[in-house]
Amino acid sequence: MIRLAGIDVGNDSVKLVLEGATEPVVIPSILAPGYERHVFQEEDAPLKALDVRIHSPKLKRNRERYFVGLLAMEDQDNSELEETDNKATSDQALIVALTALAYAALTSGAYPPAEGQGPEVAEYIVGTGLPVRTYTGYHKSFEERLVGEHEVTFLSTPKLRGRVVRVVIRRAVVSIEGAAALFHMATHDNLSVRNEELYYGCIGICEMGALTTDFPVIKRMSIDNQFSTGEQFGLAVYLDGIIREVEDQYGHRFPSRAKLIQRIKSGDYLIRRIGEGQADIRPIVDTYFGRAANKVLDLILKRWKKNPDIQCFYVLGGGGAALRGYLTEAAGLVRLRFVEDGEFQNVYGYLKLAKNKQLQALDAAAVAAEEA
Ligand SMILES: Nc1ncnc2c1ncn2[C@@H]1O[C@H](COP(=O)(O)OP(=O)(O)OP(=O)(O)O)[C@@H](O)[C@H]1O
Ligand SMILES: [Mg+2]
């Protein structure tokens, strides 16, 4: 059975949805070198301890062992994606993506444990995407890297220990971050038009991720080559600024951006200080996020001025979710649009675009068969 999957290889997290599934799988984009670890108490979910060996002809270093996601987050030797990494060519991005695809295959119930010891085969058609500025130069190489046969072996991962998945990617449909999100918002699951304004209009998108912010402009569902752009910054620089400032002022160090975001999301701004003191970091967060919102708003208004055909502007991505309140306030009378789950709009769009390509291919095959 070939399954359709949408996969958003984010700098902050990889998000994956399988056709027919309701919830996306989210894995932080963090890796650490793997080793034989002492497990005193097994974690209660596989996602908490992804420990894999990956074999793929597309990797520069093959058959290495890695801790992926949450398990890598606590490791001193871990690495997150950096500004200079390119999703289309980086080994790290491919490793996390393959782990996600293998994990989803085993946990979606589609592939019960195989009899005997042979690897289980998970065949996919995947939809994915690249930032506006990387797309033209790299979509071909990204596609070529994904397509093919890879193998993921789960090592100390609870419930999946010892299972081997051959991940076969038959086809990869690469689109553009932000543009895919709009396709999702404009269509139903069966791909019919859901929102005519979005489908036939001229729409501006600001999709703010961890390290990149994309500004595609889409007219009647086609990307505008002249006006679409991207910026090499995202929420991460502001999170790093907050972490530094909190450390300088209060001597409290957040071990990762993820830990800080957890606090902000839950609205818990009080940190404990040594000697039973407390400090409120809200003013620092407000300062940095306010600054971020002003910068993003400035970029949006510049683009809107240049292209008055734009009917409305959507702010998406995790950065959009984080800055929503600050942006709305800064924008005053200018209306910006937000949606719930802004950080998942791309991945749902990738799945739909893969489905769209697949339907077109089937149609073409049917026509060819009729003509034969
Ligand atoms: N609902 C939310 N509220 C607040 N912050 C969020 C939310 N969702 C995600 N974030 C934060 O926003 C940032 C960007 O998240 P997002 O998932 O859009 O990045 P990404 O897609 O992995 O990165 P990129 O697009 O640069 O590859 C991250 O730091 C993340 O922790
Ligand atoms: Mg993103």
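Two residues count as being in contact if their C-beta atoms, placed from the backbone, lie within 7 Å. This is a predicted model, in which local features need pLDDT of at least 70 and side-chain atom pairs count only at pLDDT 80 or more, while totals for chains, interfaces and linings use all residues. Residues are numbered from 1 along each chain as its sequence is written, and chains are lettered from A and ligands numbered from 1 in the order in which they are written.

**Figure 1. Overview of the protein and its contacts.** Of the contacts in the protein with a separation of 6 or more, 68% are between residues 24 or more positions apart. The protein has 10 helices and 18 strands, where helices (H or I, at least four residues) and strands (E, at least two) are DSSP runs, numbered from the N terminus. The C-alpha trace spans about 60 × 60 × 30 Å along its principal axes. For 372 residues a compact globule would have a radius of gyration near 21 Å, and the 22 Å of the protein agrees with this; the radius is taken over C-alpha atoms, and the globule rule is 2.2 Å times the number of residues to the power 0.38. Buried residues make up 44% of the 372 residues, a residue being buried if 20 or more other C-beta atoms lie within 10 Å of its own, exposed if 12 or fewer, and partly exposed in between, with C-beta atoms placed from the backbone.

**Figure 2. The surroundings of ligand 1.** Ligand 1 is surrounded by 20 residues, the closest of which are Gly10, Asp12, Gly209, Gly318 and Ala322; a residue is near a molecule or strand if its C-beta atom, placed from the backbone, lies within 6 Å of it. The elements that give two or more residues to this shell are helix H6 (235–250), helix H7 (257–265) and helix H9 (317–331), and H9 supplies the largest share, five residues. Domain 1 (2–176) and domain 2 (235–285) both give residues to the shell, so ligand 1 lies between them; the bounds come from an automatic or database domain assignment. The centres of domain 1 and domain 2, taken over C-alpha atoms, are separated by 30 Å.

**Figure 3. The open sheet and strand E1.** An open sheet with mixed pairing is formed by 10 strands in the order E3-E2-E1-E8-E10-E9-E5-E6-E4-E7, and its edge strands, each pairing on one side only, are strand E3 (25–28) and strand E7 (79–80). Two strands pair if DSSP finds at least two bridges between them. Strand E1 (residues 2–9) has six of its eight residues buried, so E1 is largely enclosed by the rest of the structure. E1 pairs with strand E8 (residues 120–130) in the parallel sense over five bridges, and Leu4 stands opposite Ile125 in E8. With strand E2 (residues 13–18), E1 pairs in the antiparallel sense over five bridges, the bridge partner of Ala5 in E2 being Leu18, and E1 and E2 form a hairpin with three residues between them.

**Figure 4. Ala354 and its neighbours.** Ala354 lies in helix H10 (residues 345–371) and is buried, with 26 other C-beta atoms within 10 Å. Not counting residues up to four places away in sequence, Ala354 touches Leu4, Gly6, Ile125, Val126, Gly127 and Val173. Between the C-alpha atoms of Ala354 and Met208, 146 residues apart along the chain, the separation is 23 Å.
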